[in-house]
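Colleague: I am new to this structure and would like to learn how to read it. Could we go through it one feature at a time?

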Amino acid sequence: MGSLIVLASGNGSNFQAIAEYFNNLNTHTISALITDQLSAYALARAKSLAIPYYVVPYFKKDRTTAEKIMASIISTYNTDLIALAGFMRILSPAFIHQFRGKIINIHPSLLPSYPGTNSIARAYEAGESQLGITVHYVDEGVDTGTIIIQKSIPRAPTLEIMTERIHQLEHETYPRILHSLLDSQ
Ligand code: GRF
């Protein structure tokens with residue numbers, strides 16, 4: 001029985017896809033959501049899914065304190081895997097070291113192309129004929145960790161449709177990958 005915690009800063013559609021998937025499993029559980037943003041829509045999703053949630057703000061940009069609080073929540077649940085899903089903070093090398101091999105991220109581009117923010121629009125505007133997603137381990141860099149899986153889909157007629165399809169692909173892929181990572185632990 002594995003335990004997963006999700007970190008999200010915003011909308012939380014990936015968090016919801018993961019939560020719904022894991023709520024239908026009897027092997028592993030999603031223990032909690034942690035967010036750094038009181039205004040994150042992910043919080044409303046956690047409430048309606050009855051998943052415990054924690055708001056850990058980075059007061060005055062104090063990353064060390066915020067990470068200590070997050071680490072203690074993560075330890076309380078004997079967490080096997082930490083899934084970043086739109087978590088808009090850079091984790092410190094110390095935090096990554098503490099949980100090395102347990103922190104996973106999903107990114108909406110075919111890394112190493114288009115790391116950072118606004119990736120779908122940048123790839124689309126660059127005229128790419130294939131766009132996609134990457135699930136990867138988190139290391140000290142920004143979107144640089146070892147790749148676990150990539151999936152690509154063809155360019156859509158508009159950026160709006162492309163964005164929807166990329167998110168759909170994320171929602172189909174991320175929960176399954178987290179499941180198989182927990183299975184193999
Ligand atoms: C997703 O596109 C994810 O790949 C990226 O941030 C976005 C989060 O979306 N890291 P949501 O909050 O899960 O809806």
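Predicted model: local features only at pLDDT ≥ 70, side-chain atom pairs only at ≥ 80, totals over all residues.

Colleague: How much space lies in the largest pocket?

Modeller: The largest pocket holds about 850 Å³ of space. It is lined by 37 residues, and those closest to its centre are G86, F87, M88, I106 and H107.

Colleague: Which helices and strands supply at least two residues of that lining?

Modeller: They are helix 1 (13-23), strand 5 (103-107), helix 5 (119-125) and helix 6 (159-183). Helix 6 gives the most, with four residues.

Colleague: How do the lining residues divide into nonpolar, polar and charged?

Modeller: In the lining of the largest pocket, 18 residues are polar, 15 are nonpolar and four are charged.

Colleague: Now the helices. At what angle do helix 1 and helix 2 pack?

Modeller: Helix 2 covers residues 41-49, and its axis lies 9 Å from that of helix 1, at an angle of about 15°. Angles under 35 degrees count as roughly parallel, so helix 1 is roughly parallel to helix 2.

Colleague: Is the crossing left-handed or right-handed?

Modeller: Helix 1 passes helix 2 in a right-handed crossing.

Colleague: Which residues meet there?

Modeller: From helix 1 come S13, F15, Q16, A19, E20 and N23, and they meet A42, R45, A46 and L49 of helix 2. The residues of this contact divide into five nonpolar, three polar and two charged.

Key:
Residues numbered from 1 in each chain as written. Heavy atoms only, no water. 1 Å grid on protein atoms, 1.4 Å probe; cavity = no way out; pocket = protein on both sides within 12 Å on 5 of 7 lines; lining within 4 Å. Points joined across faces, edges and corners; volume = space filled by probe spheres on them. Nonpolar A, V, L, I, M, F, W, Y, C, P; charged D, E, K, R; others polar. Axes fitted to C-alpha atoms, helices over the stretch in contact; angles between N-to-C directions. Parallel < 35°, antiparallel > 145°, perpendicular 65-115°, else oblique. Left-handed = near helix turned anticlockwise from the far one by under 90°. Contact = heavy atoms within 4.5 Å.
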